[in-house]
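Let's take a walk through this one together. Keep the sequence and the 3D view open while you read.

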Amino acid sequence: MYKAFVGDKPIIITSDKEKVSGFKNYRLRTVKIKKVIKKLQNNPDLKGVKLYHKNEAKLLKRFLKKLPNVVAGGGKVYNDKKEVLFIFRNGKWDLPKGKKEKNESIELSAIREVEEETGVKGLKIIKPLDTTYHIFKRNGKYKIKVTYWFKMKTDYSGKLQAQENEGITKVEWLNDKQITKALKNSYANIKLLV
C-alpha cells in the first residue's frame with residue numbers, strides 16, 4: 001500500500017478493494033487520474049480515494065505512470081539539541097526539500113537542497129526515511145512529486161538563512177513541543193514523516 005496526497009486528501013494505492021466510508025474506489029489500471037484529482041478538490045464530503053490493482057508488486061509503478069514525475073530529495077535534520085530543522089513556506093511549516101538535478105544522486109540532492117534552503121552546513125545522512133508522494137499543478141499541468149527523505153544530523157550552530165526566492169520566509173530549529181504546534185499548520189506528507 002502507498003499513499004499520495006492531493007492537498008491533504010489521500011489517494012491510497014492498494015490491492016485491497018474493500019470499501020471505506022467517505023472514500024471512492026477506482027481501478028488503478030483504468031482510472032482517469034485528472035478526474036479523480038478534480039473530485040478530491042471539489043467534493044468536501046469526499047475524504048479520499050482508493051486506487052486498487054490485484055498485483056501488489058505493480059501498484060507504485062502503475063500509479064507513477066499516470067502523471068509526469070518530479071523527483072526531489074529532502075531532510076529531516078537534527079542538531080545537537082535534538083531539535084528538527086523546519087522551514088516556513090507559502091504559509092505552512094515544511095521540511096527542506098527540492099528537485100533533483102540531472103546527474104546528481106538523490107543523497108547529494110537532499111543535502112544540497114537543505115543547504116540552499118536553510119543555510120545549514122555540515123550535513124551527514126544517517127539513514128533513508130519513507131518516500132512521500134503528492135500531486136501538484138504547475139503551469140496548468142498535474143505532476144506527481146516523489147520525495148526521497150533522509151534523516152540527517154549536523155553540529156552547525158551558525159546563522160540560519162531562508163532562501164527567499166523559493167518562498168521561504170523562516171528557518172527554525174524546533175523542539176518537540178514546537179513541532180507539535182507547527183504540524184497543525186503543515187502538510188499531510190510532513191505529518192506522516194514527523
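## Ground rules

This is a predicted model, so local features need pLDDT of at least 70 and side-chain atom pairs count only at pLDDT 80 or more, while totals for chains, interfaces and linings use all residues. Residues are numbered from 1 along each chain as its sequence is written, and side-chain values use heavy atoms, with hydrogens and water left out.

Helices (H or I, at least four residues) and strands (E, at least two) are DSSP runs, numbered from the N terminus. Buried means under 20% relative accessible area, exposed means over 50%, and partly exposed is in between, with a 1.4 Å probe and protein chains only.

## The nonpolar cores

Start with the inside. A nonpolar core here is a set of buried Ala, Val, Leu, Ile, Met, Phe, Trp, Tyr and Cys residues joined through side-chain atoms within 4.5 Å. The largest one has 24 residues, and those with the most contacts inside it are I11, L51, F63, I135 and I144. At least two of its residues come from each of strand 1, strand 2 (9–14), helix 1, strand 4 (48–52), helix 2 (59–64), strand 9 and strand 10 (141–153). Apart from this core lies another, of 15 residues, including L123, F150, M152 and A162. In soluble globular proteins, nonpolar side chains tend to be buried together.

Contact means heavy atoms within 4.5 Å. Leaving aside neighbours within four places in sequence, I11 is in contact with Y2, K3, A4, V6, V36, L40, V49, L51, F63 and I135.

Helix 1 (residues 33–42) has I33, V36, I37 and L40 as its buried residues. Looking down the helix axis, these buried residues fall within an arc of 100°, so they line one face of helix 1. That arc is taken from the directions from the helix axis to the C-beta atoms. An α-helix has 3.6 residues a turn, so residues three or four places apart point the same way.

On the face turned away from the buried side of helix 1, you'll find the exposed residues K34, K35 and N42. K32 sits in the loop between strand 3 and helix 1, and it counts as exposed because its relative accessibility is 57%. K32 and K66 are 34 residues apart in sequence, yet 8.2 Å apart in space, C-alpha to C-alpha.

## Rings and the charges over them

Rings of Phe, Tyr and Trp (its six-membered ring) pair if their centres lie within 6.5 Å; planes under 30 degrees apart count as stacked, over 60 as edge-to-face and the rest as tilted. The structure holds three aromatic pairs. Y2 is partly exposed at 31% relative accessibility, whereas Y133 is buried at 7%.

The rings of F86 and W93 have centres 6.5 Å apart and planes at 75°, so this pair is edge-to-face. F86 is buried, with a relative accessible area of 0%, and W93 is buried at 11%. Ring pairs link F86, F88 and W93 into a cluster. Charges turn up too: a charge sits over a ring if NZ of Lys or CZ of Arg is within 6 Å of the ring centre and within 35 degrees of the ring normal. K92 lies over the face of Y187, at 5.4 Å from the ring centre, and K145 lies over the face of F136, at 5.8 Å.

## A buried asparagine

Is N25 buried or exposed? N25, in strand 3 (residues 23–27), is buried, with a relative accessible area of 16%. Leaving aside neighbours within four places in sequence, N25 is in contact with K17, E18, K19, K50 and Y52. The side chain of N25 also reaches the backbone oxygen of K17 at 2.8 Å.

## Two loop residues with positive phi

Most residues other than glycine have a negative phi, and most peptide bonds are trans. K82 has a positive phi of about 65° although it is not a glycine. K82 is in the loop between strand 5 (69–78) and strand 6 (84–89), and is exposed at 64% relative accessibility. N139, in the loop between strand 9 and strand 10, has a positive phi near 55°. N139 is exposed as well, at 76% relative accessibility.

Note on methods. A polar contact is a pair of N or O atoms within 3.5 Å; within protein, one must be able to donate a hydrogen and the other to accept it, and residues adjacent in sequence count only if both atoms are side-chain atoms.
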